[in-house]
Amino acid sequence: MTEGTKMPDGDAAGKDEVPAGVPAENRWQEEDKKEDWGTKVTVPEPQCVPGAEEVEFVHPEGGWGWLVMLAAMWCNGSVFGIQNAFGILFLSLLREFGSEDDEDLRFRTAWVGSLSMGMIFFCSPIVSVFTDILGCRITAVGGAAVGLVGLLASSFVTSLGPMYFTYGIVFACGCSFAYQPSLVILGHYFKKRLGLVNGIVTAGSSIFTITLPFALSGLLEKVGLQNTMRVLCILMFVLMLAGFTYKPILPVKSTNTQTGRQCPPLGQVFNINIWKSVGYRIWAFGVPAALYGYFVPYVHLMKHVEERFGTEASKEVLLMCIGITSGVGRLIFGRVADYVSGVSKVYLQVTSFFVIGLMSMMIPLCNIFGGLIAVCLLMGLFDGCFICIMAPIAFELVGAKDVSQAIGFLLGLMSVPMTVGPPIAGFLRDRLGSYDVAFYLAGIPPIFGGAVLCLIPWVEARRKRAEKEVLNKEQDLTQKMIEHEKGQEDAQCKTGESVL
């Protein structure tokens, strides 16, 4: 009950009584004044409801956000550091679960790492939905817990079959659910410094890619494969704790409907507007097409080095070189992209695919270890370019409103080639006796995909010309209509003058 509803009797009496001696024509004015007075008492009350006025949100640009940044950096490093170092685990899996008499050994073993990397990207569209509904903290902590269970279960596996499920699916799905919220939460705490913070966070994978191969080699030699995986579980446990730092602070817009449903409408969850862009459709085809050979060196390069240069070769150095230059490439080309306007940024990605493809073809031609180091340095540099330029290109093709969905769908499409590529390379090695043909063929998809991406600037320029022509036609039509109306007005004026 409000204050205005506590005295109905007096209000009614004052409303019915009209002072004596007031003329009849003024009685209505008196009643109107009293009615106006009543509304002045009751109307302002709903305007004073707390929270009615929205206050503009100001990002902290630091504070607790620095701890969130370190947690996200650990997430990026632990997830993709383990994935990029799978080549070291691959050698141990070959020794643990197979023999040289098995003709399909490398083909079957490569599926473990391929499934793991592919599932991380395949789950991306689903993870984006869970993040929107459940929030960053619950999604990240739950994902890290699932990844921990999958990796721990893998340490008790004694054959490749169960490893496909525990490592390739359970562990990878957990990593996917832990990874994506770590990027979303950064936007809660940073705006002006978001570019710098993203660069630091993504550098985590480079740091882990540099250091983890040496650590894994030492652990595998001293404690074996099973215990090494149990040690890696420590990384996932820390990742689970890091997820608790993801405290959301952005204002949440209510998505309640008249039925009380908390979930957003289906049209907002799965946005199909992005597929109306021809440029995005080409991009969504070209990038996955280029990635059929992308993950092959990460899986098979270590075994190729053993076969070419012997088991004593420092094969871990190659992954370290890729990790170092990948981090440098993200910083350099991320800055260069700021000076390239519009969809012309695609040419940076085209260049990166061409170089990655050529470097893959160069691997079998390197008969000295120094040559392989040079190849890996260049491959890592342009790998960083390919990764850091994805978000800016998506922004140019579909706009800021749809960029999250655009990247999510693209990552989902990328899962197929990244899963299929390494097993095909392993199959060729098993049948042909060497990796030479596998690396030659791995260089073709990036070059083909890069050539397809060259169509995007032409398509976008054609679209803009068509939009400009339509706009010009509308302006001309409007101008003609104005001139026609003006001519009619002039004719009417002349007619009026002649009559006068």
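**Core.** I looked up the largest nonpolar core in this predicted model, and the core has 125 residues. I took a nonpolar core as a set of buried Ala, Val, Leu, Ile, Met, Phe, Trp, Tyr and Cys residues joined through side-chain atoms within 4.5 Å. Buried stands for under 20% relative accessible area, exposed for over 50%, and partly exposed for in between (1.4 Å probe, protein chains only). The residues with the most contacts inside the core are Tyr167, Tyr246, Trp283, Val287 and Met414. Helix α11 (residues 194-243) gives the most to this core, with 15 residues. I read helices as DSSP runs of H or I with at least four residues, and strands as E runs with at least two, numbered from the N terminus.

I then checked methionine 414. Leaving out residues up to four places away in sequence, methionine 414 touches Phe121, Val287, Pro288, Leu291, Phe386 and Met390. Contact here is heavy atoms within 4.5 Å.

**Ground rules.** I noted that this is a predicted model, where local features need pLDDT of at least 70 and side-chain atom pairs count only at pLDDT 80 or more, while totals for chains, interfaces and linings use all residues. Residues are numbered from 1 along each chain as its sequence is written, and side-chain values use heavy atoms, with hydrogens and water left out.

**Proline 445.** I found proline 445 in helix α21 (residues 444-453). Proline 445 is buried, at 17% relative accessible area. Which residues does proline 445 touch, not counting residues up to four places away in sequence? I listed Ala289, Ala290, Tyr292 and Gly293. For glycine 293 I also took the C-alpha separation from proline 445: 6.2 Å, with the two residues 152 apart along the chain.

**Glutamine 180.** I placed glutamine 180 in helix α9 (residues 160-184). Glutamine 180 is buried, with a relative accessible area of 15%. Setting aside neighbours within four places in sequence, glutamine 180 has contacts with Ser124, Val127 and Ser128.

**Surface patch.** Phe122, Ile126, Phe130, Ile133, Leu134 and Ile138 make a nonpolar surface patch of about 550 Å². Patch residues have over 30% relative accessible area and no salt bridge; like charges are joined within 9 Å, and nonpolar side chains (Val, Leu, Ile, Met, Phe, Trp, Tyr) within 5 Å. The areas come from the Shrake-Rupley method with a 1.4 Å probe, and for residues only the protein chains shown count as cover. Which helix gives the largest share of the nonpolar patch? Helix α7 (residues 124-134) does, with four residues. Phenylalanine 122 belongs to helix α6 (residues 105-122). I noted phenylalanine 122 as partly exposed, at 45% relative accessibility.

**Salt bridges.** How many salt bridges does a search of the whole structure find? I noted six. The rule is a side-chain nitrogen of Lys or Arg within 4 Å of a carboxyl oxygen of Asp or Glu. Side chains of opposite charge can pair when their charged atoms come close.

I looked at helix α14 (residues 296-309), where glutamate 306 and lysine 303 are three residues apart, so about one helical turn separates them. Their side chains meet in a salt bridge at 3.8 Å, N to O. Glutamate 306 is buried at 15% relative accessible area, and lysine 303 is buried at 12%.

I moved on to helix α22 (residues 455-499). Arginine 463 and glutamate 460 are three residues apart in this helix, so they are separated by about one helical turn. They form a salt bridge of 2.8 Å, N to O. Arginine 463 is partly exposed at 35% relative accessible area, whereas glutamate 460 is buried at 2%.

Arginine 463 also pairs with glutamate 467 in a salt bridge of 2.8 Å, N to O. These two are four residues apart in helix α22, again about one helical turn. Glutamate 467 is partly exposed, with 46% relative accessible area. Salt bridges with shared partners join Glu460, Arg463 and Glu467 into one network.

**Cysteines.** Cysteine 376 is buried at 1% relative accessible area, and cysteine 385 is buried at 0%.
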